[in-house]
Amino acid sequence: MKIESLDLPDEIKRFYENSGILELYPPQAEAVEKGLLEGKNLLAAIPTASGKTLLAELAMLKSILAGGKALYIVPLRALASEKFRRFQEFSELGIRVGISTGDYDRRDEGLGINDIIVATSEKTDSLLRNETAWMQEISVVVADEVHLIDSPDRGPTLEVTLAKLRRMNPSCQILALSATVGNADELAAWLDAGLVLSEWRPTDLMEGVFFNGTFYCKDKEKPVYKPTKDEAINLVLDTIKEGGQCLVFESSRKNCMGFAKKAASAVKKTLSAEDREALAGIANEIMENSETDVSSVLEACVLSGTAFHHAGLTTPLRELVESGFREGRIKLISSTPTLAAGLNLPARRVVIRSYRRYSSDAGMQPIPVLEYKQMAGRAGRPRLDPYGEAVLLAKSYEEFVFLFEKYIEAGAEDIWSKLGTENALRTHVLSTISNGFARTREELMDFLEATFFAFQYSNFGLSVVVDECLNFLRQEEMLEKDSDALVSTVFGKLVSKLYIDPLSAALIAKGLREAGTFTELTLLHLICSTPDMRLMYMRSQDYQDINDYVMAHADEFSKVPNPFNIAEYEWFLSEVKTSLLLMDWIHEKPENEICLKFGIGEGDIHATADIAEWIMHVTAQLARLLDLKGAKEAAELEKRIRYGAAPELMDLLDIRSVGRVRARKLYEAGFKSTADLARASPEQVATLVGPKIAEKVFKQIGRKETVPESSDIESLEKGFPERQRTISDY
DNA sequence: ACGAGAGTACTTTAGACAGCATGTC
DNA sequence: CTAAAGTACTCTCGT
């Protein structure tokens, strides 16, 4: 099917023809035949890189030029910015694109002027909770990676959000994009969608198992070049020899770094002079971005043409690795599953060195077929590689047979809704009521009828859990107690709006109510005891230290559990360990020191601080609303966590381009406040932070604006009742 | 006396969304 | 129902 023959305005056809796209891929053509351009709902369950994005674009553009608005929902921030950048190319068609994620965001109402909005599923949920007006104008919703409905922690949000969008806007077209799953037909039926099911790929994929020096595929086998005694390294060298690049998946960070190091010397020998020069440039940038032990290891690897990639790396470092690979300079990336689900980063050959992954309740388990397919699907760069190869490694004949049967010949698992637990449902019950989507239990059940859970299990299964949620929310005073109707309290509305788990909010309120005096530690531990926080693992060497610390600071914790209750005490120690990480951070311990002490990467510090900052913000807001002690302390800690700095630097940190390090330098030199700086000589300041920064500093302290107090509570009290919509409005 | 190699005990184990208001070194 | 791989350390044996 030709682009020219599609029912689209000429300008769109010309846009694609100019970029060299003249003809649709077979699955794309099938989607068009099934009503993609006529506003029909569709589920496309097709492999990565077989043109899902184009499908979405055609549907969105068609609808927008007819006066509509498109929402593109993704699971990852990184994916949101990738799509955002791509869709910005439509600006020549006069189409405006916006992005909304937790970290990168424009004002929500202002977002509404855009024709396409890219958002994460949680952000979409949050926009719905805040009753963002433009959401009613949406005419197409694209749900990318919709198989994530199966995920226990994030799937429920996705399905509830889709159900709400459809309820609010029944005429809206849904285009769901999914990896191949066992029950795609069931998912399609839930969405009232046509199904496009295909295994077609633009580049051939040879999947197979490597055993005894030979790569066995379904219908062929080939021997592999054998210069070293490590089979995985041989597979890498074999690929490089044929002019390709290699992606190796590992199941732990340690192994992932280990393999990149191990392969380095052999890969280095294959590099051209030109490669070496480019790699030296990348290595340089790495060192400019980070000065930890891990980044030095990465630098050494990159100089040899290898790299590793995992969530312990900061975003800039990850991006350097990704772009070095895309440019063909880095020949091998050894990665944890970070790269499997995320960005589009294809390679000639993918080697899955470890198909098992640890889970705390069942030990090492084979990964699901769906995850294997995501990794294998990275093999083969369209237009650059003649074919792609996905290789599993077997150590014995039994394993060889097992791998072949499980991953190559069998299909992917079915996906199952995970909405049916109190933990998953609690927050969505509250937000549904708080928004006016449901005013009675009947309306609530009626709404939940539209979820994938109800579709799969019938919503009878939800009834008991819903009552548990309602009881909890009433008991915690997030819902009015003595009303048969479902009415959220001001507290409940704030909890819903701040996007925190109601259980976290209840724990925070209780902690603030019961605490006598607050130290930094009290508040940090309070937020770490919340289910929204992500905790550090305890290593065997940690027990002694953390335990001693608990003994020394026992009076600063709201409650220390009995050490004989092993499970509970163990959990408590993890909370304390995480609190101590945050303590070091807000006391300006250097990043590398924190990494070594806690056995984590720089990326983990920032991720932990990011969540902590959010929950501390929530704590301050809740304390203010409920008139509890600690509001001021929490607000100060929120800011300290944002910058990772001690309290005496707070004034200096209001200056832009002054962070924890520069502020400390200025402070130690005697400039303890903006007022001190106003009296300082420019030369003095320039020697401390450099002339450019000094200039910026002086520009600002002349006209320093104070930030107005946040207005969450006021807007709730004033603005909400009359703005509140009910289900009958839709 | 020293070192290679086998055997053993111990340790560790992926990823990542959200609020708010704008720029770290 | 319920793990495995890497590593650090120890022991043994041969030179």
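A polar contact is a pair of N or O atoms within 3.5 Å; inside the protein, one of the two must be able to donate a hydrogen and the other to accept it, and residues adjacent in sequence count only if both atoms are side-chain atoms. The structure described here is a predicted model.

Around DNA strand C, the protein contributes Asn255, Arg356, Tyr358, Asp361, Ala362, Gly363 and Met364. Of the atoms of DNA strand C that come within 4 Å of the protein, 50% belong to sugar and phosphate. Two strands, β15 (356-359) and β16 (363-366), are the elements that give two or more residues to this surface. By residue class, the surface near DNA strand C consists of three nonpolar, two polar and two charged residues. Met364 uses its own backbone instead, where an N or O atom lies 2.9 Å from a sugar or linking oxygen of DNA strand C.

DNA strand B is surrounded by 45 residues, and the closest are Gly102, Glu638, Arg656, Ser657 and Gly659. Sugar and phosphate make up 60% of the atoms of DNA strand B that come within 4 Å of the protein. Helix α27 gives the most, with five residues. The residue classes of the surface near DNA strand B are 13 nonpolar, 14 polar and 18 charged.

Several phosphate oxygens of DNA strand B can be followed to particular protein atoms. A polar backbone atom of Gly659 comes to 2.6 Å from a phosphate oxygen, and a backbone N or O atom of Val658 lies 3.1 Å from a phosphate oxygen. Thr336, by contrast, takes part through its side chain, with an N or O atom 3.0 Å from a phosphate oxygen of DNA strand B.

Turning to the fold, seven strands form an open sheet in the order β3-β4-β2-β5-β6-β1-β7, paired in parallel. The edges are taken by β3 (97-100) and β7 (194-197); each has a single partner strand, so one side of each is left without a neighbour in the sheet. On average, and ignoring direction, neighbouring strands of this sheet are turned by 15 degrees against each other. Within the sheet, β1 (residues 42-45) and β6 (residues 173-178) pair in the parallel sense over four bridges. Ala44 has Leu177 of β6 as its bridge partner.

Asp275, in helix α11 (residues 273-289), is buried at 8% relative accessibility. What does the side chain of Asp275 contact? It makes a polar contact of 3.3 Å with the side chain of Lys331. Gln245 sits in the loop between α9 (231-241) and β11 (246-249), and at 3% relative accessibility this residue is buried too. The side chain of Gln245 reaches the backbone oxygen of Ile330 at 2.9 Å.

The cysteines complete the picture. The structure holds zero disulfides. For Cys301, the nearest cysteine sulfur is that of Cys256, 9.4 Å away; a disulfide would require the two sulfur atoms to be within 2.5 Å, so Cys301 is in none. Cys301 is buried, its relative accessible area being 2%, and Cys469 is buried at 0%. Lys497 and Cys469 are separated by 28 residues in sequence and by 18 Å in space, taken from C-alpha to C-alpha.

Note on methods
Residues numbered from 1 in each chain as written. Chains lettered and ligands numbered in written order. Predicted model: local features only at pLDDT ≥ 70, side-chain atom pairs only at ≥ 80, totals over all residues. Heavy atoms only, no water. Near = heavy atom within 4 Å. Nonpolar A, V, L, I, M, F, W, Y, C, P; charged D, E, K, R; others polar. Buried < 20%, exposed > 50% of the residue type's maximum accessible area, 1.4 Å probe, protein only. Pairing = 2+ DSSP bridges. Axes fitted to C-alpha atoms, helices over the stretch in contact; angles between N-to-C directions.
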